[in-house]
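Colleague: I would like to go through a few local details of this model with you. Shall we begin?

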Amino acid sequence: MAYQFNKNWSAGLSAFGSFTSMQVRSVENLNAEVTKNAVPYVATVNQYNAMSLNQVTQVFKIGAAGHFKHWQLGLAVTLPGIKIWGEGKLDKSFEAYNLNKNPVDTNIPAQKYPEFIISDLQRGLQSHYKIPLSATAGLKLIYPKFALSASFEYFLGYKNRTILQGQDRTAIRPTAFYGNDTIHGFMQIQTSANHVLNIGLGAEVKVQPKWTLLLGFRTDFSNRTDYLPNNSVVNAPSAGSPTWHYLYFSSGFTYRLAYHNLTLGIDYGVAVSANKQQIYNFTEPQQDNFLLGALHQNMRASVHKPNLILTYIYFLKTKGKRTVTMSILDELKKAQIKKEKPTRKKKK
């Protein structure tokens, strides 16, 4: 719905549905050759963490716009989504074999004995995925030969939100050693989101009456939200999803005729890692760290995202005017003939 207050100002409300489908999974299979009393053996730790989620969310957006001779202003607020329906699945397994035959740390409950298995699979869990509140504003300066645009969007963060919560029924096996006590929070995903501010800059330069050069820059910073399950409740390190900050540079041109608008451009994105901490350390296994080494701040990675953009727009005829529908090829021919046709001088 929208309402125009006067020739300069208008406001509106949008309501739409959002469907989110998410699947994340990590697999870790670690082993190390160990010797005790001159007898070699192999210690093994296996982890499997998987989550899937599907959710339908109702989203509302409130906006306002101002139009003036040489500038335009846009404001919008996207409210947090309201869950309509959602469910997910958690599948986790944590296994260790021959881990503590040569004990160095017996204070960790999961390493009290050399072998154990923790596993569970739960379906049909209620999901609580959240779309954070965001506010955005944009300004465009318009002149005959060029136009400049600038915008920003701010996303509100949140802390310690439970996305999926299963039943606390998981126990460490063999239960004859560890007892039947369940592990609280083993089948749970809890995450947080950082505050994020993104900006965008754009320019349109009219090179010729029908040709316009386009230039742009925008950011896409990550809120570092991680939906990958982990085993922190048993003090075991698990992999985390890597996060990236993206910078996008774009350029292209628009060719416009009376009834057709063709845009061709390229959008190039380069990623900057949000942190340099390793995801795994396999080269320095530690028994009290479940065969993983201490993580260092030396990760290096390179991510590039080139995208080709092609847009075609056909303008419908104006109400009250009689126009003949022309293809873009016919209109190009007509423009070329008109350009080549010699002009005649009028006799006095």
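Colleague: Is Thr254 buried or exposed?

Modeller: Thr254 counts as buried, because its relative accessibility is 11% and the cut-off for buried is under 20%. Please bear in mind that this is a predicted model.

Colleague: Where does Thr254 lie?

Modeller: Thr254 is part of strand 13, which covers residues 244-256.

Colleague: And which side chain makes a polar contact with that of Thr254?

Modeller: The side chain of Thr263 does, at 3.1 Å.

Colleague: Which residues is Thr254 in contact with, leaving aside neighbours within four places in sequence?

Modeller: Thr254 is in contact with Lys210, Trp211, Thr212 and Leu214, as well as with Asn261, Leu262 and Thr263.

Colleague: Turning to the backbone, what is phi of Asn37?

Modeller: Phi of Asn37 is near 55°, a positive value in a residue other than glycine. Most residues other than glycine have a negative phi. Asn37 sits in the loop between strand 2 (9-36) and strand 3 (39-67), and it counts as exposed at 70% relative accessibility.

Colleague: What about Phe290: what is its phi, and is it buried or exposed?

Modeller: Phe290 has a positive phi near 55°. At 1% relative accessibility, Phe290 counts as buried. Its place is in the loop between strand 14 (260-273) and strand 15 (304-314).

Colleague: One last topic: which residues does a cis peptide bond join?

Modeller: That bond joins Arg173 and Pro174, with omega about 10°. Pro174 belongs to the loop between strand 9 (158-165) and helix 1 (175-178).

How values were computed
Residues numbered from 1 in each chain as written. Predicted model: local features only at pLDDT ≥ 70, side-chain atom pairs only at ≥ 80, totals over all residues. Heavy atoms only, no water. Helix = DSSP H or I, 4+ residues; strand = E, 2+ residues; numbered from the N terminus. Buried < 20%, exposed > 50% of the residue type's maximum accessible area, 1.4 Å probe, protein only. Polar contact = N/O pair within 3.5 Å; in protein donor to acceptor, adjacent residues only side chain to side chain. Contact = heavy atoms within 4.5 Å.
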